[in-house]
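Good morning. Please look at the screen, and I will go through one chain with you.

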Amino acid sequence: MQLFFNEVKRNTGSVICGEQEVRKALQENIVEALVISEYIERVRVTYKCSACGYEGQNTFKHPKPTILKKFFIRKRCPRCHKTSLRITKHQDLIEDLAQLAEQSGTEMIIVSCKAEEEQTLIHSLEGIGAILRSSS
Ligand SMILES: [Zn+2]
């Protein structure tokens, strides 16, 4: 934990932040440690088109199931343009990233303490950060 914040402060370039960047790095298996705020409230939704079989994923910041359902009833499939998208999986973003981390054997640190300095830092990282493996 402390290591992470030291790296952030030193700005060595080995720290990345934001869900997209971190997800990409996890998939490339170049993450040393994943750092995520316990207070992040997002859901990862997998959806599928029942007409053409297209499958996609999206992260939502306001995870009310009823709202999500309505959203997907109106949304058009990017491939066949029918309104046949249905939610097939719905899970907490933390859980989703934890699975990715597990697959690549990456350490995961959940920041739950209310220490102001740490919360400010993690907030500036959009709630999700990662230390990359040193290439040396
Ligand atoms: Zn479709």
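Helices here are DSSP runs of H or I of at least four residues, strands are DSSP runs of E of at least two, and both are numbered from the N terminus. With that, the order of elements from the N terminus is α-β-α-β-β-β-α-β-α-β-α-β, giving 5 helices and 7 strands. This is a predicted model, where local features need pLDDT of at least 70, side-chain atom pairs count only at pLDDT 80 or more, and totals for chains, interfaces and linings use all residues. Residues are numbered from 1 along each chain as its sequence is written.

Next, burial. A residue is buried if 20 or more other C-beta atoms lie within 10 Å of its own, exposed if 12 or fewer, and partly exposed in between, with C-beta atoms placed from the backbone. The chain has 136 residues, and 23% of them count as buried.

Now helix α4, residues 93–103. Which of its residues are buried? They are L93, I94, D96, L97 and A101. Viewed down the axis of α4, these buried residues fall within an arc of 160 degrees, so they line one face of the helix; the arc is taken from the directions from the helix axis to the C-beta atoms. E95, Q99, E102 and Q103, on the other side of α4, are exposed. Just after α4 comes G105, with a positive phi of about 65 degrees.

Last, I73, which sits in helix α3, residues 65–74. Is I73 buried or exposed? I73 is exposed, because it has 12 other C-beta atoms within 10 Å.
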